Amino acid sequence: MPGEFDLIQRFLACFPKARVPVGPGDDCAVLTPSKGALCVTTDAVVEDVHFTRATFSPGDIGHKALAVNLSDLAAMGATPRWFVCALALPGDFPARHLSALGRGMAALATAHRIALVGGNFTSARELSVTLTATGELSHPPITRAGARPGDRLYVSGTLGDARLGLKQLQAGLRRGGAVRRQRRPEPRVALGRLAARFASAGLDVSDGLAQDLGHLCAASRVGVTLELERLPLSPAVRAALGPEGALQGGEDYELLLAVPPSRAPAFERACARAGEAVTSIGVLTRERRWSLKDGAGRLLTPPAGFDHFARPGRHIRADD
């Protein structure tokens, strides 16, 4: 394997030069934020937890590492600006794969106009990519704690595709829409900025709708009535997992948003004009409990979502 500084230059060559006072190469980056508040997030993708090198290309790994951080910025309604990247590389990781990882990350960074401004390289037993990303706010942030009883609950896109994609990868399939959703999630950055004008609360769906809706309800001190049959599912997910299976699926990276009823019609119109697919799936309640209803109106027991520390990593267990 080439030396550390050769690897750094190889990785940096994948990205355009950042337009900042001081970028990669010094001990710190120097940035010039606007007058608005900054959002800062950090997240990691780790080999044999979030991916395996047998089922993800290096470009997939680079894309996903940035996408999960962009999704956090989207959930707060922020505009992405800068990020730093800490790479831990095993000794058998080829230099050409590092370039491919960088290209996968750089393509998504270019699409969302976020600049790489620094980072770190180290050796490790397994591959991991840890990013810290910043974004700027032009509206108050969307947090988990602002929802009120009566707010309507919306989710973007479709649910359960990444969980189905994981199962398909574990079964030996390597192509298809669900596999792509697992390997290359698309952060809903534009929707997050739009939603900042309407939403009272929100977050991204990373650990499954069941788990993440629980976080929103706990932070906002509300309950929820959720209509299972209203969950937006692709035909493949409906056939393979069903609505209850989709509730548990992690890594969708869709946005879950609470919107006051007075703003809901305008929010739906704005989403339609912007081409952002959102679905109303329930309503928040004063009673701090879950009410999950099937198509016949029967009450069901909500399933759990994904918890990193409750069981082994999601790519280890075939029944995740």
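So, β2 and strand β3 (residues 115–123) pair in the parallel sense, over 8 bridges. When I say two strands pair, I mean DSSP finds at least two bridges between them. The strands and helices themselves are DSSP runs, numbered from the N terminus: E for strands, at least two residues, and H or I for helices, at least four. Within this pair, Ala88 has Thr122 of β3 as its bridge partner. To get from β2 to β3 the chain goes through helix α3 (residues 95–112), and this β-α-β crossover is right-handed. Right-handed here means that, with the strands pointing away from you, the path from the first strand over the helix to the second runs clockwise.

Quick housekeeping: this is a predicted model, so local features need pLDDT of at least 70 and side-chain atom pairs count only at pLDDT 80 or more, while totals for chains, interfaces and linings use all residues. Numbering starts from 1 along each chain as its sequence is written, and side-chain values use heavy atoms, with hydrogens and water left out.

Back to β2, residues 79–89. Strand β4 (residues 128–136) runs antiparallel to β2, with 9 bridges joining them. Thr79, for one, has Glu136 in β4 as its bridge partner.

Now, which residues does UniProt list under "binding site"? Asp43 and Asp72, from an unreviewed entry. Asp43 is in strand β1 (residues 38–46), and Asp72 is in helix α2 (residues 58–76). Why do I call Asp43 partly exposed? Because its relative accessible area is 28%, and the scale is buried under 20%, exposed over 50%, partly exposed in between, using a 1.4 Å probe and protein chains only. Contact, for me, is heavy atoms within 4.5 Å. Leaving aside neighbours within four places in sequence, Asp72 is in contact with Thr41, Asp43 and Asp204. With that same exclusion of neighbours within four places in sequence, the contacts of Asp43 include Val68, Asp72 and Val129.

That Val129 takes us to the packing. The largest nonpolar core has 56 residues, and Phe11, Phe83, Met105 and Val129 have the most contacts inside it. Such a core is a set of buried Ala, Val, Leu, Ile, Met, Phe, Trp, Tyr and Cys residues joined through side-chain atoms within 4.5 Å. Helix α2 supplies the largest share of this core, 9 residues. There's also a second, separate core of 28 residues, including Ala147 and Ala258.

On to the other sheet. How many strands form it? It's an open sheet of 7, in the order β6-β8-β5-β9-β7-β10-β11, with mixed pairing. The edge strands, β6 (201–205) and β11 (299–300), each pair on one side only. 5 bridges join β6 to strand β8 (residues 254–259), and the two run antiparallel. In that pair, Leu203 stands opposite Leu256 of β8. Helix α2 packs on this sheet too, touching β6 and β8, and its direction makes about 165° with that of β6. For the angles, axes are lines fitted to C-alpha atoms, for helices over the stretch in contact, running from 0 to 180 degrees between N-to-C directions.

Last one: Ser234, in the loop between β7 and α8 (235–240). Ser234 counts as buried because its relative accessibility is 16%.

How values were computed
UniProt positions renumbered as here; feature names shortened; annotations may be inferred.
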